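Hello,

Here is the structure I promised to pass on to you. Please have a look at it first, and then read my notes below.

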Amino acid sequence: MQQISESELVLMKIIWKNKGRALLSFIIDELEQEQNEWKQNTVLTLLSRLVKKNYLKIQKIGRRNEYIAAVTEQEYQSEQTHDFINRVYEGNVKNLVTALLENTLTDADFDELDTFWKEKTKKNE
């Protein structure tokens, strides 16, 4: 998977939020609600890049284009996580977990993880 820019990711999140499909008008409306003032040409350029990178497909609806996610949000997150671990931690997940445990997780995070692991263990029994 090719890397996408932060701006391209903004558009992908809008499309994923809309069940993986969106017309340009919907995307523009969502951007306006987020107080994002990109011009339509900027949005079209970003959407075109996402099509070229195979993140989006286009389906014609009359004269309009419907943009359809070719990659789910979960697939994107999984690939980005894998890439991050390989680039930053040289593939060593233990070092990533250690960094998280030592620097960023709160007590609430620990409680949430504890619940997650207990449920995961029950399902695997």
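**A buried glutamate, and what surrounds it**

Glutamate 8 counts as buried, because its relative accessibility is 1%, and the cut-off for that label is under 20%. Please keep in mind while reading that this is a predicted model. Glutamate 8 sits in helix H1. Leaving aside neighbours within four places in sequence, its contacts are Leu46, Arg49, Leu50 and Lys53.

If residues up to four places away in sequence are not counted, leucine 46 touches Ser7, Glu8, Leu11 and Trp38. Glutamine 33 is 13 residues from leucine 46 along the chain, and the C-alpha atoms of the two are separated by 19 Å.

**The largest nonpolar core**

Which residues touch the most other members of the largest nonpolar core? They are Leu11, Ile27, Val43 and Leu47, out of 21 residues in that core. Two or more residues each come from helix H1 (6-17), helix H2 (24-33) and helix H3 (40-52). H1 gives the largest share, with 6 residues. As a general point, nonpolar side chains tend to be buried together in soluble globular proteins.

Not counting residues up to four places away in sequence, leucine 11 touches Ile27, Leu31, Trp38, Val43, Leu46, Leu47 and Leu50.

**The chain as a whole**

Stepping back, the chain has 6 helices and 3 strands. In sequence order they follow the pattern α-β-α-α-β-β-α-α-α. The radius of gyration is 19 Å, whereas a compact globule of 125 residues would have one near 14 Å. Along the principal axes, the C-alpha atoms fill a box of roughly 50 × 30 × 30 Å.

Of the 125 residues in the chain, 25% are buried. If you take the contacts between residues at least 6 apart in sequence, 50% of them join residues at least 24 apart.

**The largest pocket**

What lines the largest pocket? The lining is made of Val97, Leu100, Leu101, Leu105, Leu113, Phe116 and Trp117. By type, that gives 7 nonpolar residues, no polar ones and no charged ones. Helix H5 (93-103) and helix H6 (107-124) each supply at least two residues of this lining. The volume of the pocket is about 160 Å³.

**A lysine on a strand**

Is lysine 57 buried or exposed? Its relative accessible area is 54%, so lysine 57 is exposed, the cut-off for that being over 50%. Lysine 57 lies in strand E2 (residues 56-61). Apart from neighbours within four places in sequence, lysine 57 is in contact with Glu66, Tyr67, Ile68 and Ala70. Valine 71 is 14 residues from lysine 57 in sequence, and their C-alpha atoms are 9.7 Å apart in space.

- Glutamine 35 lies in the loop between H2 and H3. Its phi is positive, about 60°, although glutamine 35 is not a glycine. At 66% relative accessibility, glutamine 35 counts as exposed.
- Glutamate 90 is in the loop between helix H4 (73-89) and H5. Here too phi is positive, near 50°, in a residue other than glycine. Glutamate 90 is exposed, with a relative accessibility of 73%. Glutamate 8, where these notes began, is buried at 1%.
- Threonine 72 is found in the loop between strand E3 (64-69) and H4. With 37% relative accessibility, threonine 72 counts as partly exposed, because that value falls between the limits of 20% and 50%. From threonine 72 to leucine 47 there are 25 residues in sequence and 16 Å in space, C-alpha to C-alpha.

Happy browsing, and best wishes

Conventions. Residues are numbered from 1 along each chain as its sequence is written. This is a predicted model: local features need pLDDT of at least 70, side-chain atom pairs count only at pLDDT 80 or more; totals for chains, interfaces and linings use all residues. Side-chain values use heavy atoms; hydrogens and water are left out. A nonpolar core is a set of buried Ala, Val, Leu, Ile, Met, Phe, Trp, Tyr and Cys residues joined through side-chain atoms within 4.5 Å. Buried means under 20% relative accessible area, exposed over 50%, partly exposed in between (1.4 Å probe, protein chains only). Helices (H or I, at least four residues) and strands (E, at least two) are DSSP runs, numbered from the N terminus. Contact means heavy atoms within 4.5 Å. On a 1 Å grid over the protein atoms alone, a cavity is a set of points where a 1.4 Å probe fits but cannot get out, and a pocket is an open set with protein on both sides within 12 Å along at least five of seven lines; lining residues have an atom within 4 Å of a point. Grid points are joined across faces, edges and corners, and a volume is the space filled by probe spheres set on the points. Ala, Val, Leu, Ile, Met, Phe, Trp, Tyr, Cys and Pro count as nonpolar, Asp, Glu, Lys and Arg as charged, and the others, Gly among them, as polar. The radius of gyration is taken over C-alpha atoms; the globule rule is 2.2 Å times the number of residues to the power 0.38.
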